Amino acid sequence: MKALIATSALAQLAGSELVALELLECLREHGVACDLTAHVHGSPMREVAQEAGAHILPHPGRVRLFDYDIAWLQTQVAPTLDLTIDEHSRPRTLCLFAHLDLKFVLAGPGMLEDLIADHFMYCSPEAAAHFTGLGLDAERAWVFHNAAPSRFAGEARAGEVLRHLTIISNHAPPELLDAAGLLREAGVEVVHYGAEGGIENIRMAPEHFARTDAVVTIGKSVQYSLLARRPVYVYDHLGGPGWLLEANFTACAQANFSGRCCGRKLGAAEIAAELLGGFRPARRAAQAWPETLLQTYRLEPYVRQILERSANAKPAAAVAALMAVHRHALERERQLAVAAYHYLQSREYLRGERLRLIRELELLKARDGTLPLPFPSNRTPGLTTSREEFAHGVVRLENGNGWSRLIEGDRYRLHAARPGAQPAELRWELRGVRRSLAVECLAGIAVPDCARLFLELRVLLGGEVFSAAATQLGDGIGSSFLKIHIPEPGEAEVAIILQAVAARPLTGKERAVVDLQPLQAVPLS
């Protein structure tokens, strides 16, 4: 038996990519040969999939859908596949169209799947209701509850006091990050996997759950926590119900443990208090989940059902007849899907270039102990920072100035200098500017309730300084705008400088961080 798994992207260790990878691994464990195809490929998921034994087909347009016994199809890849049915095709292909996101446009339904799908696979009852409401056949709905591999199953951890907490999130809200700080002050060891947490591009494994007392997360990591019998606090950027207990389990599961079930947002102190005060009842709940409940969240039973149902898939001849009737509409759908993936491929290329640059800078750091900013100028010494800080887009300015090219949309962070110290600066150089230049910059404080910061935008041209009005930043965003005229015609080299200085002394625990985003630097003539 042979299966195809097709998804939009194979790049990040998150979301639909993980669903595809775990399904592939489970099918292989059941003796099924698997091919994996995607329009977008990138690190680290591509390498992780290869290590897991995936046979990756890089060009979906050359993949013949009906040469497989089973096809798991995500995010509108199906219309871009080769839909030929001939004497080389399988007599039947079980077509499973997965819908894993309520808002991502490519996760929506299409015409092809309505014609050929044997089942619509939903990650939650909420998703089933949503897409059925958009017209997909309710009789073909199959909720697989975003199930996780059984290898995550574990035993409850001893201890009545919360000593170690794991946060799993790529989009943790500020109140959760601040709550983590409060917990650390209270003596709890907090480890955060994901963006802003210091540990990224890590595939979660059973050992990550074995060594923690509790987990704060949403989505798929809740299923991991359930199987591992770890208390789980459901909260993220959408808010959430907090500790998962018998009383809120059904409503929370209905919405795929996303936090959408209640629209409940808390402050940092409230989250920290709930985590500490509610740990014991949450731990008892995790110990008491019945095996019949946990079976709902194990992937293997669904894979066995998929194998069984493959024998009853639509006959290839019937599918071919349906597609022939609607061939013109299907061709239009194919063209739209291909256009969407051209955009995704371009976006992933830019992401890959950024990662490549970071790797090159890490090599420089390993070689001589310093790590310059991107595109350092030979005229001034580069800024130095630790490898971990740079990986998360943080630049700690010490006693020097650094140069980099100004790229619209780029973000930089700097730690504000204390009063009386040399201002923390970021500089961008622009070459070949003629006559006039408009510069705009947006800045915001990343850590609330910290010192007020003083932001100044200056432009150096030769020996002349053009200074924008100063902006004071509190718990919000400020901006500076400056327009200059270059007196002499012809090309010139311009340095744009952003300065940040704390307006009052910072306490020992305060760390004022400014998020700087150059919005534009446009030659006007």
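Against which elements do the buried residues of α8 pack? The model considered here is predicted, with local features needing pLDDT of at least 70 and side-chain atom pairs counting only at pLDDT 80 or more, while totals for chains, interfaces and linings use all residues. Residues are numbered from 1 along each chain as its sequence is written, and side-chain values use heavy atoms, leaving out hydrogens and water.

Helix α8 spans residues 246-254, and its buried residues are Asn248, Phe249, Cys252 and Ala253 (buried means under 20% relative accessible area, exposed over 50%, and partly exposed in between, with a 1.4 Å probe and protein chains only). Viewed down the axis of α8, these residues fall within an arc of 135°, so they line one face of the helix; the arc is that of the directions from the helix axis to the C-beta atoms. The buried residues pack against α4 (125-133), α7 (220-228), β12 (232-236), β13 (239-243) and α11 (291-295). Ala247 and Thr250, on the other side of α8, are exposed. Asparagine 256 follows α8 and has a positive phi, near 60°.

Turning to another pair of helices, α5 (residues 174-185) and α9 (residues 268-277) pack at an angle of about 55°, with their axes 8 Å apart. That makes α5 oblique to α9 (angles under 35 degrees count as roughly parallel, over 145 as roughly antiparallel, 65 to 115 as roughly perpendicular and the rest as oblique).

Finally, serine 310 sits in the loop between α12 (299-309) and α13 (316-325). Serine 310 is buried, with a relative accessible area of 10%. Apart from neighbours within four places in sequence, serine 310 is in contact (heavy atoms within 4.5 Å) with Met1, Asp69, Ile70, Arg92 and Leu94.

Key:
Axes are lines fitted to C-alpha atoms, for helices over the stretch in contact, and angles run from 0 to 180 degrees between N-to-C directions. Helices (H or I, at least four residues) and strands (E, at least two) are DSSP runs, numbered from the N terminus.
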